Every structure is written in structure tokens, then in C-alpha cells.
Protein chains: 2
Amino acid sequence: MEQRVSLITLGVRDMDRTARFYEDLGWQRVESPDGVIAFDLIGQTLGLYPLEALAEEIGVPIDELGRGAITLAHNVRQKEDVDALISAAETAGAIIFKKPCDVFWGGYHGYFADPEGHIWEVAHNPFSPLSTDGEFRWNGYQTETKS
Amino acid sequence: MEQRVSLITLGVRDMDRTARFYEDLGWQRVESPDGVIAFDLIGQTLGLYPLEALAEEIGVPIDELGRGAITLAHNVRQKEDVDALISAAETAGAIIFKKPCDVFWGGYHGYFADPEGHIWEVAHNPFSPLSTDGEFRWNGYQTETKS
């Protein structure tokens with residue numbers, strides 16, 4: 001596991017109100033599909049996601065997410081890296097919430113919690129490739145191509 | 001507020017066990033004082049901090065931090081920026097947990113929660129200057145000097 005967090009996801013009940021809060025502080029959204037609000041930070045994205053949908057996606061009751069629900073995501077470069085990392089996390093003592101599986105948006109992911117309950121998503125997102133250094137941006141780093 | 005998270009702090013009951021978990025996954029610590037375990041990520045640091053101490057520092061009961069307690073920190077360049085941002089957050093609808101004050105380690109900080117309860121620390125740390133782009137590293141970015 002490289003030392004980086006690709007996404008910080010805040011589970012929220014009122015998306016618009018929360019988005020307005022961060023916008024009032026000067027943040028600007030990037031384009032994202034309905035149901036997600038995304039702010040690109042330095043080499044990572046902070047996303048707002050409906051609390052119920054987040055709990056459902058992870059497969060835990062909402063109460064499990066606690067007050068001010070946050071999950072951290074670590075994106076990997078290849079689909080098979082998801083399996084490898086979820087497996088390594090289990091060996092290291094993680095609780096596996098969701099075994100690796102295909103996701104409706106076209107990616108592949110799983111969820112684990114560290115021994116103290118902090119929830120991590122491990123994901124491969126073919127639409128948002130990482131930079132060479134592992135930085136993440138909502139709409140991806142474009143691979144430079146030469147014509 | 002610039003679009004960045006300087007520190008992700010995980011509040012934990014067992015520091016050694018949690019540190020070992022991340023080390024088992026391949027992460028390497030950076031030097032840090034007793035009572036804190038720090039991993040430098042990309043332009044930010046993930047820190048482990050005792051749950052009780054974290055709750056005490058913020059001034060909230062441990063239960064307020066919830067399961068898998070996490071706080072996000074936004075470090076600023078100058079002490080007075082802390083006051084300005086805490087004030088702006090309050091105007092935008094934040095709950096102020098801790099008004100700006102000097103901290104025992106020599107910095108200056110305050111805490112607020114966004115409308116959904118996600119806790120942010122706003123801090124000025126004179127010992128860990130940010131990079132020009134706002135990146136944070138536990139032991140600071142050295143300002144380049146010319147002799």
C-alpha cells in the first residue's frame with residue numbers, strides 16, 4: 001500500500017447544504033455526476049456522498065459510520081491490486097466489510113476497517129487514472145501521448 | 001480556505017497495534033515526538049493520536065468522535081489566518097468546538113464541525129511550514145535559501 005489517500009468521502013444527509021458550506025469557504029467543485037459532489041484537493045479529492053448510500057455501498061448500518069462519517073479511499077493502478085491489498089489488510093488484522101467486487105459505476109472495489117474501525121475503500125477506477133506519483137484527481141490525470 | 005487537507009488524524013485506543021497495522025501494509029513512519037505517530041503521504045500527513053487525548057484537545061466527549069474517529073486539519077501560513085478561517089466557518093454555519101488559542105506544542109489552533117459534524121482543525125504550526133503550493137509534511141518543507 002503506497003502512502004497516500006486518494007479520496008476523503010464525507011457521508012452527509014443534506015448534500016446541497018454541505019456543499020454550500022464548503023463553497024462559502026471558497027472551495028470550487030469539479031464536474032461530477034449527479035449524486036456526488038467533488039472537490040479536487042492536492043493530489044486527492046474530497047467527495048460528498050449521501051450518508052444512506054454510503055452505508056449501503058459499504059454494507060454497514062448507518063450507525064456504524066458514526067457521527068461525521070468519513071471514509072478514506074486508496075485507489076490502485078490495476079484491478080488485481082484491489083484483491084491483493086484487501087487480502088493483505090485482512091492478514092494485517094483488518095475487518096473486511098466488503099469483498100472485492102465490480103461496482104455499478106464501472107470500477108472494482110472492496111472495503112475494510114483498520115483495527116480501530118476507520119473505514120478504507122480500496123478501488124480501481126479505470127476512468128480516473130492516477131498520476132505516475134499516485135496522485136488522484138476526480139476526472140483523472142491524462143496520460144501524455146505523443147502523436 | 002484553500003482546497004487542501006494538511007492532516008488526517010485517526011483517533012485510536014491502541015497506538016502500537018494501529019501503527020503496526022499500517023506498517024504491515026508497507027507504510028513507513030516519519031520521526032515524531034512521543035504520543036504521535038505520523039506517516040507522510042502526498043502533500044499531507046496521516047497521524048495516529050490517542051482517542052482520549054484527541055477528544056480532550058477538541059473539547060468534546062469521546063462519543064462525539066464516533067466510531068473510527070477521524071479529524072481533518074487545514075494548516076494555514078500565518079497565525080492570524082486561524083482566526084479568520086474559524087470566523088468564516090462560523091459565518092458559513094459551522095459549530096465552533098474550540099475557539100482559536102495557543103497550543104501546548106507551540107502552535108495556534110481552533111476546531112469546528114461542518115453542518116454534518118465532520119470535525120476540522122485549523123492550525124498554524126510554526127515548526128512545519130507549508131510548501132508554496134500549500135503541501136504539508138510532518139517535519140515541514142524547508143524554505144530554500146540562497147547564501
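Reader: Which residue of β4(B) is the bridge partner of B:Thr9?

Author: The model is predicted, so local features need pLDDT of at least 70 and side-chain atom pairs count only at pLDDT 80 or more, whereas totals for chains, interfaces and linings use all residues. Residues are numbered from 1 along each chain as its sequence is written, while chains are lettered from A and ligands numbered from 1 in the order in which they are written.

The bridge partner of B:Thr9 in β4(B) is B:Thr71. This bridge belongs with the link between β4(B) and strand β1 of chain B, residues 7-12, where four bridges join strands that run antiparallel (a strand is a DSSP run of E with at least two residues, numbered from the N terminus, and two strands pair if DSSP finds at least two bridges between them). Strand β4(B) is also joined by four bridges to strand β7 of chain B, residues 119-124, and here the strands run parallel; B:Asn75 stands opposite B:Ala123 in β7(B).

Turning to burial, B:Ile70, B:Leu72 and B:His74 on one side of β4(B) are all buried, as are B:Thr71, B:Ala73 and B:Asn75 on the other, and both faces are thus covered (buried requires 20 or more other C-beta atoms, placed from the backbone, within 10 Å of the residue's own, against 12 or fewer for exposed and partly exposed in between). Because six of the six residues of β4 in chain B, residues 70-75, are buried, this strand is largely enclosed by the rest of the structure.
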